[in-house]
Amino acid sequence: MPERVISRYTTGRGGPTVVLIGGLHGNEPAGAQAIARVLARLEADGMPLRGEVTGLAGNLAALAEDRRFLSRDLNRRWMAGDIEELLAAGSGREAPEDREQRELLAALVPLLVAAREPIVFLDLHSTSGDGPPFACMADVLRNRPIALALPIPLILGIEEILDGSLLGYLCDLGHVGVAVEGGQSQDPRTVRHHEAAIWIALVAAGCLDAPDVPDLGDHRALLAVAAKGLPSVVEIRHRHHIQEGDGFVMEPGLRSFVPVGKGQVVARDGSGPVRAPEKGLMLMPRYQGQGEDGYFLARRVSPLWLRLSALLRRLRLDRAVPLLPGVQPHPQQPDQFVANPRIAVFQVVNVFHLFGYRHVRPHRERLVFARRRPDFRRLGPLPPEIRSLRGGTGPESA
Ligand SMILES: [Zn+2]
């Protein structure tokens with residue numbers, strides 16, 4: 001069983017800070033295993049790393065029991081208000097994941113305090129169902145060099161809609177965050193996929209030069225073969241949210257990136273068949289008992305669209321978003337917009353996506369669009385909810 005800090009490696013040379021996280025979900029042990037292997041090799045070979053790599057294990061208690069979580073999903077409730085509440089309650093609070101979250105915060109805060117440049121976070125997961133490896137990131141430009149270096153499909157729009165994920169929180173502080181789904185949780189290849197992704201990311205982040213990793217080509221080939229024939233970038237179009245007890249069961253035989261047609265029955269629940277609302281690619285069908293997302297539908301994103309969105313953002317054309325018909329700045333929330341779907345034309349959603357606004361929530365008759373902390377806003381001071389932890393003081397002693 002891993003420890004909270006799996007290991008740490010630095011040669012003392014200046015460079016990026018990289019944090020590898022595995023096992024935020026306890027039934028996904030492959031990430032922590034891969035992290036341990038990579039750090040052991042960095043150490044054993046005395047590799048000429050720039051900067052520092054830290055490996056962290058997520059839900060230790062759940063990893064020990066091979067369960068996704070014991071009382072609640074550890075990859076939720078990473079919002080300012082939740083963290084404030086957690087720290088205010090202190091260690092008297094009993095839920096096992098509260099303790100895990102406090103310990104993770106204690107490990108992360110010294111790194112966040114010391115950061116002068118965005119830290120690169122790589123969060124390693126695996127899936128309950130069979131499927132190829134893929135990556136997810138919030139749609140901000142600073143995430144692209146790491147995510148696009150991995151020769152596996154990249155999914156846009158998941159990080160924004162999962163409220164309270166650890167990576168989302170860190171991205172909103174201005175850091176770089178990429179999640180890697182390495183494959184099926186028990187499949188031995190999944191550990192190797194994660195190892196390959198870590199080596200590629202270390203080179204992409206500038207910690208190592210390609211010649212420092214003699215088997216870099218093998219790592220790339222391993223992932224490329226596992227993702228053969230799949231699109232390089234897709235975006236989420238639909239999320240099927242399930243309520244506990246609604247009897248949701250996926251139809252057998254579906255896996256990530258399988259094409260589904262509009263109206264196709266993809267699952268069943270208490271109210272009958274669940275049909276795909278549009279044609280697209282199946283993503284992360286839920287074949288296990290825990291988690292609140294039934295499945296996602298995605299569609300391909302063209303490389304031209306990616307280049308265009310980068311150009312428009314660098315030109316800061318997002319400043320023109322409030323000029324769109326039916327769109328107004330949110331009265332309270334900075335960098336959020338309210339759209340009237342009766343006035344705003346269909347293409348407005350695509351325009352919002354160009355600028356990274358992928359979090360959409362209904363509010364009365366309107367739609368509210370939000371995005372993760374954009375690239376032009378640099379790392380700010382530590383947010384108030386974790387300022388009390390600075391200096392690495394463990395929450396247990398607070
Ligand atoms: Zn996971």
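Two strands count as paired if DSSP finds at least two bridges between them. Strands are DSSP runs of E with at least two residues, helices are runs of H or I with at least four residues, and both are numbered from the N terminus. The model shown in these views is predicted: local features need pLDDT of at least 70, side-chain atom pairs count only at pLDDT 80 or more, and totals for chains, interfaces and linings use all residues. Residues are numbered from 1 along each chain as its sequence is written, and side-chain values use heavy atoms, with hydrogens and water left out.

View 1. Strand 2 (residues 17-22) and strand 3 (residues 52-57) run parallel and are joined by 6 bridges. Within this pair, V18 is opposite V53 of strand 3. The sheet has mixed pairing and the strand order 1-3-2-4-7-5-6-8-14-13-10. Its edges are strand 1 (5-10) and strand 10 (259-260), each of which pairs on one side only. Strands of a sheet pair through backbone hydrogen bonds, either parallel or antiparallel.

View 2. Strand 5 (residues 134-137) has both faces covered. F134 and C136 on one side, and A135 and M137 on the other, are all buried; buried means under 20% relative accessible area, exposed over 50%, and partly exposed in between, with a 1.4 Å probe and protein chains only. In a regular strand the side chains alternate between the two faces of the sheet. Strand 7 (residues 176-184) runs antiparallel to strand 5, with 4 bridges between them, and A179 of strand 7 is the bridge partner of C136. Strand 6 (residues 154-156) pairs with strand 5 in the parallel sense over 3 bridges. Here A135 is opposite L154 of strand 6.

View 3. Strand 11 (residues 265-269) is joined to strand 12 by 4 bridges. D269 is opposite G272 of strand 12.

**View 4. The largest nonpolar core.** A nonpolar core is a set of buried Ala, Val, Leu, Ile, Met, Phe, Trp, Tyr and Cys residues joined through side-chain atoms within 4.5 Å. Of the 58 residues in the largest core, those touching the most other members are L42, L122, V178, I198, L202, L208 and F352. Helix 8 (residues 188-204) supplies the largest share of this core, 9 residues. Apart from it lies another core of 42 residues, including L74, A107, F134 and L167. Contact means heavy atoms within 4.5 Å. Not counting residues up to four places away in sequence, L122 touches V19, L20, I21, I146, V178, V180, A197, I198 and A201.

**View 5. A196 in helix 8.** A196 is found in helix 8 and is buried, with a relative accessible area of 0%. Its contacts, leaving aside neighbours within four places in sequence, are H219, L222 and L223. A196 and R50 are 146 residues apart in sequence and 19 Å apart in space, C-alpha to C-alpha.

**View 6. R144 in helix 5.** R144 lies in helix 5 (residues 144-147) and is buried at a relative accessible area of 10%. Leaving aside neighbours within four places in sequence, R144 contacts M137, D139, A149, L306, S309, A310 and R313.

View 7. Neither is glycine: phi is near 55° for D66 and near 60° for D335. D66 is in the loop between helix 2 (60-65) and helix 3 (80-89) and is partly exposed, with a relative accessible area of 42%. D335 is in the loop between strand 15 (327-329) and strand 16 (337-339), and counts as partly exposed at 23% relative accessibility.
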